[in-house]
Amino acid sequence: MNICVVAGARPNFIKEAPIIRALKNKKNSPDSVSIDYRLVYTGAKDDPTLEQSLFEDLQIPGPDEYLGIVEENLNELTGKVMSKFEEYLQTYPADVVIVVDDLASAMAVAIVTKKRGIILAHIAAGTRSFDISMPKEVNRLVIDGLSDILFTAGVSNNSIASKEGAELSKVYMVGNILMDNIRYNHNRMIRPSCLDESGIRDGEYLVFTLNRKALITNTENLCQMLSRMLSVSGGIPIIAALHDSAKEVIVSLGRDHGLDLQTVHFIEPLGYLEFGYLTMHAKGIITDSGNVAEEATFNQVPCITLNSYTEHIETITVGTNVLVGEDPERLAKAVEDMVNGNWKNSGIPDRWDGRSAERILRILSEIRSN
């Protein structure tokens, strides 16, 4: 069986790393069925977001093939990925193509895969924002609609796939594959030097991340949110792992509007193992990242998400996550509860146990042998 695993951006490699490790083990096992795989990246070989340490941290080899597509326009990117991936499959035929998440490149790969009659498997299927104006929501609908195998993270995702007409025989709840990496790397996490440099102990700081353009560009509301967050945080250190654009906006708000940022420790974005340690040992997390919120649930760390929806409702109903949208007062109340230790009871959702890749590979093997 020849499997092609396709990534379209840095976060895809993190979700696909457990599959790559499982495939490597299967390939090297003397008693396994004949299996081979190739990892394809739709972007360029010199992509600055793909630092070598990423693959070292995840303990996987780099891509076998780079399609070299770098486009800002999503329609142009889709067309070029389709063309290049078609050429790739002519040289390296595959029995199964695996895509993850909801990028335009994943949609392009899905279309080509189905046109060539190859089995298409989608990891993180059934995730929806229910906002059709979002390009990624369109991508999700197309990829799920074309997929022969839908690997979902939870019951809610299964329900969505079923409501949209997917045959139950195509849907497999394998759990959240992000947890595989945390379980695998649990003892390899690296304490960031910024904690030692500032004399901050484990469990005595908050982590703050911010990436959503809608939050960053609405500076008036962001200022109110930050002001309320800081006013109730009780002086606890806040480790802000931000890209330059977000950091510049917050620093300028502090300068122009008198925000007291003394407890905020700005740091550069960390590698996977360092950031994993930072969030795993935090008192709490304030973020707009769904992935960070999902990992917080696995680590049982209180988490506040600056969004009005989540693709994985299990982080709310079972896990440690609380949604506050973009409301300064709701944020303040949640931060106050977090700092004072008044958080809700929580658990780990079904099959978020770090064994998703094992389930996926077993299912693929069974389907191929039938």
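Analyst: Phe 13 and Phe 55 are both buried, meaning under 20% relative accessible area, with exposed over 50% and partly exposed in between (1.4 Å probe, protein chains only). This is a predicted model, where local features need pLDDT of at least 70, side-chain atom pairs count only at pLDDT 80 or more, and totals for chains, interfaces and linings use all residues. Residues are numbered from 1 along each chain as its sequence is written, and side-chain values use heavy atoms, without hydrogens and water.

User: How many aromatic pairs are there?
Analyst: Six. Rings of Phe, Tyr and Trp (its six-membered ring) pair if their centres lie within 6.5 Å; planes under 30 degrees apart count as stacked, over 60 as edge-to-face and the rest as tilted. Phe 13 and Phe 55 are edge-to-face, 5.2 Å centre to centre with 85 degrees between the planes.

User: Where do Phe 13 and Phe 55 sit in the chain?
Analyst: Phe 13 is in helix 1 and Phe 55 in helix 2 (residues 52-58), 42 residues apart. Helices (H or I, at least four residues) and strands (E, at least two) are DSSP runs, numbered from the N terminus. Ring pairs also link Phe 13, Tyr 41, Phe 55 and Tyr 66 into a cluster.

User: Now the cores. How many residues has the largest nonpolar core?
Analyst: It has 62 residues, and Phe 151 and Leu 364 are among those with the most contacts inside it. A nonpolar core is a set of buried Ala, Val, Leu, Ile, Met, Phe, Trp, Tyr and Cys residues joined through side-chain atoms within 4.5 Å. Helix 1 (residues 10-28) gives the largest share, seven residues. A second, separate core has 34 residues, including Met 229 and Leu 261.

User: Is Phe 151 buried or exposed?
Analyst: Phe 151 is buried, with a relative accessible area of 1%.
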